[in-house]
Amino acid sequence: MNGILPLWKPKGMTSHDCVIQIRKIFNTKKVGHTGTLDPEVEGVLPICIGEATKIVPYLTETKKGYIAQVMLGQATDTEDRHGSVVEEKTVTNFPSKKRIENVLQSFTGTIKQIPPMYSAVKVNGKKLYEYARAGEEVERPVREVIIHDLKRLPEAKEEINRFSIEIVCSKGTYIRTLCVDIGRQLGYPAHMSELVRTKSALFTKKNTVTFAIIEKMAKHNYQDQLLLPMIKGLDHLDILYVDEETKRKVYHGQKILKPKNIINTDPFVVMHDQQLLAIYQTHPHKPEQMKPVRVFHG
């Protein structure tokens, strides 16, 4: 079984919990997730099975989509609603729609973030949340991330001191921190009160499956029918189609000459007809040649 399971991760499970569950259902150890979601967050979590585990780093690098709720008036130590309140300020004048739009616009593009103390970012070989739990402060690295799109969503009902935003961003973006920084720009302490991941690469809620569906299919041993082809997780990379002779070279992991046709991404996908063969990239010391970074045999 080789392919991508487009899972809708439920609240209450870690991404690793999902991997463990899927290993049992699919009776294989070769399972990997494509981007950690906190236990209290639900949403799109593509799971790679079999040969597809080779593409996990490439799927992880793709754009992500989220819907988050910004709560003004309170900041917490975890930057979400599950932490302890560390700062409060009464929201006497809720920001106008125009004011919020202007602030959101200022966060579009490449921005700098300081990861929250309650995160898995490592400093001196130790995760930040380990320092936080021990009550230790440590200097955190500043990271650059890209906010491709950021807008306020209309509310179905009037909310007090909060508003919802939709985000499309690069890997490594902390939405909690983004919510805190947006609140600060609006003049209030803030935290993220809700979060749902709506998109990862091409995968959206409408093409995901729940554990209930997976388990129902597994009762009849049909769970493999839920897997999508590996190429679905590599749509952001260009494709080079090769002939039968080059296919044999690729299959054996040999270097190939740089293609004459224009390839805009590096790395890129190599295919023969409809068969996914490998992922290649420019050779670091021989720019006229391409070397394999992943070869698929399934």
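Visitor: How do the residues lining the largest pocket divide into nonpolar, polar and charged?
Guide: There are 13 nonpolar, 14 polar and ten charged. Nonpolar here is Ala, Val, Leu, Ile, Met, Phe, Trp, Tyr, Cys and Pro, charged is Asp, Glu, Lys and Arg, and the rest, Gly among them, are polar. This is a predicted model, with local features needing pLDDT of at least 70 and side-chain atom pairs pLDDT 80 or more, while totals for chains, interfaces and linings use all residues. Numbering runs from 1 along each chain as its sequence is written, and side-chain values use heavy atoms, without hydrogens or water.

Visitor: What's the space in that largest pocket?
Guide: About 990 Å³, taken as the space filled by probe spheres set on grid points joined across faces, edges and corners. A pocket is an open set of points on a 1 Å grid where a 1.4 Å probe fits, with protein on both sides within 12 Å along at least five of seven lines, and lining residues have an atom within 4 Å of a point.

Visitor: Which residues are closest to its centre?
Guide: Of the 37 lining residues, Thr-36, Leu-37, Asp-38, Tyr-174 and Arg-176.

Visitor: And which element gives the most to that lining?
Guide: Strand 12, with three residues. Strands are DSSP E runs of at least two residues, helices H or I runs of at least four, numbered from the N terminus.

Visitor: OK, the second largest pocket: what volume?
Guide: About 410 Å³. Its lining has 21 residues, with Thr-76, Asp-77, Glu-79, Arg-140 and Arg-184 nearest the centre.

Visitor: Where does the largest share of that lining come from?
Guide: Helix 5, with four residues. By class, the lining of the second largest pocket has ten nonpolar, three polar and eight charged residues.
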